[in-house]
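Take the headings in any order you like.

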Amino acid sequence: MNLTHDDIDRDELERRKALFGPLADAVRDLVDATIRTEVDDAVIKEVHTEIAAATAKLRATQIDGAFGMRRASTGEQFAWGNAGVGLKNAIAPPLVIERDDTGRHWTDVTLGAAYEGPPGHVHGGICALVLDHLLGVTASAAARRFTGTLTLRYVRATPLGPLRAEADVVSVEGRKGTVRGTLSVATGVTVEAEGIFVAPAT
């Protein structure tokens, strides 16, 4: 995996997090508002012009291509463009991954209108994205591993709103780790997942 090295210290990294995190949240809110709005045509055209102007300001200075994986001078790695959890990526569900001393990982997240598939429910591909990312993080706690296979069982539809995803390592054999996880709502599990995650050959 190729890393871009940014010569920034922890204070600068935290400053950028505090700057870009709220911006991505505001863009998520804009997407939600765009989906749900019923304002009149004049307001739509006015907002369109304002958004185009804001986009032009952001494009005044930008990198070529994707954000990639970067490493600060502290050694901390960050992939802020990542579709699963990128700090600067408003498309990414706002996942915050937690873990305990047993190696169990979980995230509590609320998915709204932007993640809809069947009416009122989360798109199955978004469920897969959340679980793939969480299982991958769980599998990589000891050594970095990438998705080899991911098997999902959709128990029932996942309603939009608050969700919890959980994952545990089942076994590790050489370069391969097997992880199982679930996606749940208050009334129970909606999706079950099992993945095999493989460490790159050295």
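A salt bridge here is a side-chain nitrogen of Lys or Arg within 4 Å of a carboxyl oxygen of Asp or Glu. This is a predicted model, in which local features need pLDDT of at least 70 and side-chain atom pairs count only at pLDDT 80 or more, while totals for chains, interfaces and linings use all residues. Residues are numbered from 1 along each chain as its sequence is written, and side-chain values use heavy atoms, with hydrogens and water left out.

The structure holds 13 salt bridges. One of them joins E12 to R15, at 2.8 Å from N to O; these two are three residues apart in helix α1, so about one helical turn separates them. Helices (H or I, at least four residues) and strands (E, at least two) are DSSP runs, numbered from the N terminus. K17 and E14 also make a salt bridge, with their closest N and O atoms 3.3 Å apart, and both lie in helix α1, three residues from each other.

A further salt bridge brings R36 and D32 together at 2.6 Å, N to O. They are four residues apart in helix α1, again about one helical turn. For accessibility, buried means under 20% relative accessible area, exposed over 50%, and partly exposed in between (1.4 Å probe, protein chains only). R36 counts as exposed because its relative accessibility is 60%, whereas D32, at 18%, counts as buried. K17 is partly exposed at 26%, and so is E14 at 35%.

## A salt-bridge network

Have a look, too, at R104, D108, R164, E166 and D168, which are linked in a network of salt bridges.

## Aromatic cluster

Rings of Phe, Tyr and Trp (its six-membered ring) pair if their centres lie within 6.5 Å; planes under 30 degrees apart count as stacked, over 60 as edge-to-face and the rest as tilted. The structure holds three aromatic pairs. In one of them, the ring centres of F67 and F78 are 6.1 Å apart with the planes at 55°, so the pair is tilted. F67 lies in the loop between α2 and β2 (70-71) and F78 in strand β3 (residues 77-78), so the pair ties together parts that are 11 residues apart in sequence. F78 also forms a tilted pair with W80, at 4.7 Å centre to centre and 50° between the planes.

F67, F78 and W80 form one aromatic cluster. F78 counts as buried at 6% relative accessibility, as does W80 at 8%.

## Charges over rings

A charge sits over a ring if NZ of Lys or CZ of Arg is within 6 Å of the ring centre and within 35 degrees of the ring normal. The charged end of R70 sits over the ring of F67, 3.9 Å from its centre. K88 lies over the face of F20, 4.1 Å from the ring centre.

## Strands around β9

Two strands pair if DSSP finds at least two bridges between them. Strand β9 (residues 188-198) pairs with strand β6 (residues 146-154) in the antiparallel sense over eight bridges, and L152 stands opposite A193 in β9.

Strand β8 (residues 176-185) also pairs with β9 in the antiparallel sense, over 10 bridges. Here T182 stands opposite E192, and the two strands form a hairpin with two residues between them.
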